[in-house]
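The points are grouped by topic.

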Amino acid sequence: MAQYNLQINGRSYEADVEADTPLLWVLRDNLGLVGTKFGCGIAQCGACTVHLNGNAVRSCTLPVSAIGTNKITTIEGLAPNGDHPVQEAWDEVDVPQCGYCQAGQIMSAAALLNKNPKPTAAQIDNAMNGNICRCGTYHRVREAIVLASTKMK
Amino acid sequence: MSIILKTTRRDFMKLAATATGGLVLGFHWMDSAAADIGVVDEAAIAAGSIDFNSYLSIATDGVITIYSPNPELGQNIKTSFPMVVAEELDADWSAVKVVQAALDAKKYDRQLTGGSGAVPHSWMRLRKAGATARYLLVEAAAKRWNVSAESLTTENSVVMHAQSGRKATYGELATEASKVLVPDEVKLKDIKDFKLIGTAVRNVDNPEMITGKPLYGLDFYREGMLYAMIQRPESFGKKIKSVDSAAAKAMPGIVDVVTFKNNVAVVGKSTWQVNKARRLLKIEYEADDAIENTADHDRLFKELLDSKEATVRRKDGDVDAAFKGAAKVITREYQCPFLSHAPLEPMNFFAHVRSDGVELVGPTQTPERARNATAQLLGISPYQITLDITRLGGGFGRRLQTDYVLEAAELSSIIKAPVKVIWTREDDMTGGSYRPAVRYRFAAALDAGGKLVGYKLRGVGINVGNSTREDNFPSGAVDNLLIDSVEHKSPITTGAWRAPITNFLAFAEQAFLDEVALAAKQDPVKFRLALLEKARQTPVGEIKYDIDRMKGVINLAVEKSGWGTKKNVSHGFSVYFSHRSYVAQVAEVTMNKGKPLLQKMYVAADCGIVINLSGAYQQVKGGVVDGFGHAMYSQLTFKDGASEQKNFNSYRLIRMKEAPDVDVHFVNNGIDPTGLGEPALPPTGGAVANAFFKATGKRLYNQPFANQEEMKGVSLGQRL
C-alpha cells in the first residue's frame, strides 16, 4: 500500500492503495466518485472513460501509480453544475436508455469537442467507437454531439 | 369517447392529511384483493405499517410524487408510468417527482420487468389512479366555491371556474381533497384529449445519469460493507475437487475466503483487492456432468432435426399429402449461436443477512422471485426480507435470474456481514446464463399456381422447453401445417434473452418466407398480404395474431420505405408479431464500390397508443440496433465446457460506426398500449438477410452473419 495524492476535478484527494490499483477502483471504492462505471475492465467498452489532462482515457486499465500530478476529470467534475454543453445536449436529445454507459459516452464526447469543436460525422464515429452502448442509443449520441458542437464556446 | 371506469373504494386508500397537509392517495397499481378502505395517519405511513404504499401524493406546495413500482432497465417505464397518472390528473409535469418503489408484493402485482408487459398490464390502473385524484381535487374546489363540479375544469395542476374566474392550485386544494370521499366510478379522459400522452418527455433520471450520481446497484454503498468476488467452475459440467486458498487469504485487504456449493468467494475491503486475490486461488475441478463443445451441439442439432420423436406443437390438415402432391418443395435450415445478455452493468447484489431479517439491494428484473428464492434458501419467511430495487444498467433477461442474488445472500449468511458480490465481465461470460443456440428446419410445399399449400417447421433447441412458437404467422393461413420441436438437455445454464425465442425464430421465419415468395414468383410483401387475406377468409385452426394490425404495419412500412419503387437500392422485408405488438421492417442496402452496405432501416410499429414519443422512438431504434448487432456479430462458442469468448475483445457487440440509420413510424390506431420493450428486435435479422440477398444474390442462413462465407470482405454495417 502507498499514499497517492491525486488531482481530481480541481481538488486534491488522498488515497492509500496498492500501486497497481486502476484509477477506476480508486475513484469508486476509495473516493466515492461512482459516476465512472465498470463495464469490462479491459478498456473495451468505454464505460470508465475519464479525462487525463483533457484527453479521454479508460480508467479501468490506468494504474494509480502512473497518474502523478496529471489532472483527472470525472463526470462529476465535467462542469460545476452539470451544465457542460455536452451534458445539456444529452438531456435535450434525451439520449439515455438504461444510462449506464452514458457517463463514459459524455466524457469521450467532451474530450472530442475540446479538441475538435466541429467534428464531421466520420470523426464522431471514430472518436466514439470505443464506447459501447448495449441499449443502442448510438443515433442519439451522434445527434447530441452535433447539438453540443453548436453550444461549445 | 371517454370511459366511465367502475372503480371500487377498495382500490384506493386515502390517507389523512399529514402534519404538513396535502393529499396522499394510496392505490394498488393493479387489480388485486385490497384492504378495506380506511384512513391512515402519518405515523402509520412512517412506520410502513399500512397496506398501501404505492402513493400518489400532492403536497401543499404543489409537488406531486408518484412511486413507480417496476424495475427500470432502459425501457423507460419510470417516465412513462407517471406520465399516464399525470395525464388523467391534469398535473403540471414539471412539478411531478418520481420515486422508484421497493419490492412490496402486498401492494403491487407483477412488479417485474420482462415480456414487454408492464405498460399493457398497468395502463387502465394508472389512468384510474390519476383520474380519481383529479376527482377529489375538483370536488374539493366545488365545495370551497359552492359551485357544481361540472362547471370546473383542470389544467397544469390548477382547478378553474371559468364563470367566476376563480382558480386554485392542486397544492392549495390538497388538504381539502383529502377529506372528500373516494368515488365508486371515475370518468377517464377521451383519448383525443390527451395532452401529455403521445408527446416526447425526457427521461426523469436524466439529471442524475448525465452528472454521474449513484443510481445503480454497483454504486450502492453501505458503511462497513465488504466486497466479494466469486470463482465459479471454469467449465459447465464440472465441480470443485479441492481448494487451496492460502495464497489468496494472505493478500492485503482480504478478510476471508469461503467455499459454498461450487463457489469459492474471496471477501475483502475493496473490489480491486478481491479481484487480485482471487487470481491466486488454486482450485481443482472434476467432471460432474457432460462436458460440451460447440462442435457437439452442431452435430447434435443435425441429428435431432431427423429425430423420429418430437413434441408436436401444432398440426393442421394433412401435411404428408400436401408435400407429396406439391409442384415445388423448398427446404431450408437456419442456425443461431449462444449469446450472452451482456448488460453493461455487470451482475452485482448487496445482501445483509442478520438474525432479525435480511436486506437485499440491487439490480433485478424480478424482485419478488429473488426475494422468495432467498427466503427458501435461508429457510425464513419472505416477509423477513426487504428488497430495494436500484436502477438497472441493462437487463435483457439476464436479471430475470436469481443466481447472483442468492450467492450474495448465502455469502452474507456465512460470513455474517453485509457484503456486495461483484461479477467481472469474464465471470458473466463464463459462468452466467445464456440465450441457447438453436437450429430450425423449414419446408414449404407450393402448388402449380405458386400457392403455399404445406408448411413444416422443426426447432431443435437447448434447455428452453420449446424452441419454436407454433402460432406465429403463417400458422392459420396454410391448410396443411406441422410445427414440432426437439430439445437437448445441457449443463450449460440458459435463460430468456430479450424477445425470447423470437429473437432468432423471427429471422429464420422471415428469411424463409422471402425464399418461398420468390420461389412462388411473387413479391415478398404481396405474398404475405395474400396469406393474411387467406387467414381472414378461410382461417385454418386458431389465429393468434391480429390480421388488421399486421396488415397495418406492412402497409405503413411499404409506404415509408418506398418498397418496390426505388432504384439503386436493395430492399429486404420482414414483419413480426411478438408479445402484443406488431413491427414491420424494410432494410435498405446500397452497393458501394461493389460491396453491400446497410444504409437504413425503415420501421413501422403498432404498439397501440404511444405514451412517450421520445422513449418509444428510442426503444424501437435501440431494438433495431440490438437486433442487427447480434444477428451480425455476436456469438459464444464452447470448448471443453467453457465459453471461448470471455470479454468484449472477443465477444463482439455492435459499435457506433456499424449502426444504420433507423426511420421509425408508429401506427396511430388508438388501441390501448401493447408494449414496446422487445417487439422491434425480432424482425431485424430477417429484413437484413433478405436485403443482403437482393443486393448480392447470396442467402444468409446462420448467425452471426459476419462469420459466414457470404460476408467475406464485406462490412455490411460500416458507415461510409
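Which side chain meets B:Asp471 in a salt bridge? The partner is B:Lys544, with an N to O distance of 3.5 Å. The model is a predicted one, and a search of the whole structure finds 52 salt bridges over all chains. Side chains of opposite charge can pair when their charged atoms come close.

**The B:Asp471 and B:Lys544 pair**

- B:Asp471 counts as partly exposed because its relative accessibility is 22%, a value between the limits of 20% and 50%.
- B:Lys544 has 44% relative accessibility and therefore also counts as partly exposed.

**Salt bridges of B:Arg391**

- B:Arg391 forms a salt bridge with B:Glu72, in which the closest N and O atoms are 4.0 Å apart.
- This pair links distant parts of the chain, 319 residues apart: B:Glu72 is in the loop between strand E5 (64-68) and helix H2 (77-89), and B:Arg391 is in the loop between strand E21 (385-389) and helix H11 (403-415), both of chain B.
- B:Arg391 also meets the side chain of B:Asp205 in a salt bridge, at 2.7 Å from N to O.
- B:Asp205 sits in the loop between strand E10 (185-188) and helix H5 (206-209) of chain B, 186 residues from B:Arg391.
- B:Glu72 and B:Arg391 are both buried.
- B:Asp205 counts as buried because its relative accessibility is 5%, and buried means under 20%.
- B:Arg391 is likewise at 5% relative accessibility, so this residue counts as buried.

**A network of salt bridges**

- Salt bridges link B:Glu87, B:Asp90, B:Arg134, B:Lys189 and B:Lys195 in a network.

**The largest pocket**

- The volume of the largest pocket is about 650 Å³.
- Its lining consists of 40 residues, and those closest to the centre are B:Gln75, B:Ser116, B:Gln619, B:Leu676 and B:Gly677.
- Helices H2, H3 (118-145) and H16 (613-632) of chain B are the elements that each give two or more residues to this lining.
- By class, the lining has 19 nonpolar, 19 polar and two charged residues.

Definitions and conventions
Residues numbered from 1 in each chain as written. Chains lettered and ligands numbered in written order. Predicted model: local features only at pLDDT ≥ 70, side-chain atom pairs only at ≥ 80, totals over all residues. Heavy atoms only, no water. Helix = DSSP H or I, 4+ residues; strand = E, 2+ residues; numbered from the N terminus. Buried < 20%, exposed > 50% of the residue type's maximum accessible area, 1.4 Å probe, protein only. 1 Å grid on protein atoms, 1.4 Å probe; cavity = no way out; pocket = protein on both sides within 12 Å on 5 of 7 lines; lining within 4 Å. Points joined across faces, edges and corners; volume = space filled by probe spheres on them. Nonpolar A, V, L, I, M, F, W, Y, C, P; charged D, E, K, R; others polar.
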